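Thanks for coming, everyone. Today I want to talk about salt bridges.

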Amino acid sequence: PPTQGVCCECEASLREQGRCPFSVRCRSAWFCPHAKRCIVCDAHSCERCRLQRGGPELVATLAKELRPARILLDFDRTLASTRSGGLPIFGKHSCDEELLTLLWEHRSCCAIVTRNSHRAAIGDFLRAHGAPPEIPVHVVQKGCSKAEFICEGVAEGELALFVDDSVLEHVDPRIAGDESVCRVLFVRGLL
């Protein structure tokens, strides 16, 4: 029987080719070569790829287990409910309470890395929601890689935990290829 409108033989053939059988929009970098699953369409996580899908509970668990030297959180649609670089407005937008707790528990190694250009407003917004005042907010310009900030400052033998809701950020070759970076594709409401 077909799965999501794809016959079993076509699905198996596409998976063997390292391609998602469910969407032509999915890129090969989104495909786990170990399990032959799409990170997005199959909702797949792979420890060997150092890329897992999950919400704030997974992030907290990984922070506790891995004890990373750096924890780097995206702002829009991850830490906050803002979207696409929008100005964060207290009372209109919310902050994830579990990730706020994480900021307090690991404040010496946490930072925000975002493409949202409203750096000062983000800091004010986070403090208004009870975040530690010393959490740095690093803005990455459009067209630049978050890898510059994510991969810097991690000494040999240390780990960085990168949390972002965009698969495109996670499959940046410099981030995906850095063995010291563990990645969480942040999603809410997992089935």
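Start with arginine 107. It is partly exposed, at 37% relative accessibility. On the cut-offs: buried means under 20% relative accessible area, exposed means over 50%, and partly exposed lies in between, with a 1.4 Å probe and protein chains only.

A word on the source. This is a predicted model, where local features need pLDDT of at least 70, side-chain atom pairs count only at pLDDT 80 or more, and totals for chains, interfaces and linings use all residues. Residues are numbered from 1 along each chain as its sequence is written, and side-chain values use heavy atoms, leaving out hydrogens and water.

Which residue does arginine 107 meet in a salt bridge? Glutamate 134, at 3.2 Å, N to O. By salt bridge I mean a side-chain nitrogen of Lys or Arg within 4 Å of a carboxyl oxygen of Asp or Glu. This pair links distant parts of the chain, 27 residues apart. Glutamate 134 is partly exposed too, at 43%.

How many salt bridges are there in the whole structure? The search finds 8.

Next, aspartate 74 and lysine 146. Their closest N and O atoms are 3.2 Å apart. Buried or exposed? Aspartate 74 is buried, at 5%. Lysine 146 is buried as well, at 1%.

Last pair: arginine 50 and glutamate 179. Their salt bridge is 3.8 Å, N to O. They sit 129 residues apart. Arginine 50 is buried, at 12%, whereas glutamate 179 is exposed, at 60%.

Technical notes. Helix = DSSP H or I, 4+ residues; strand = E, 2+ residues; numbered from the N terminus.
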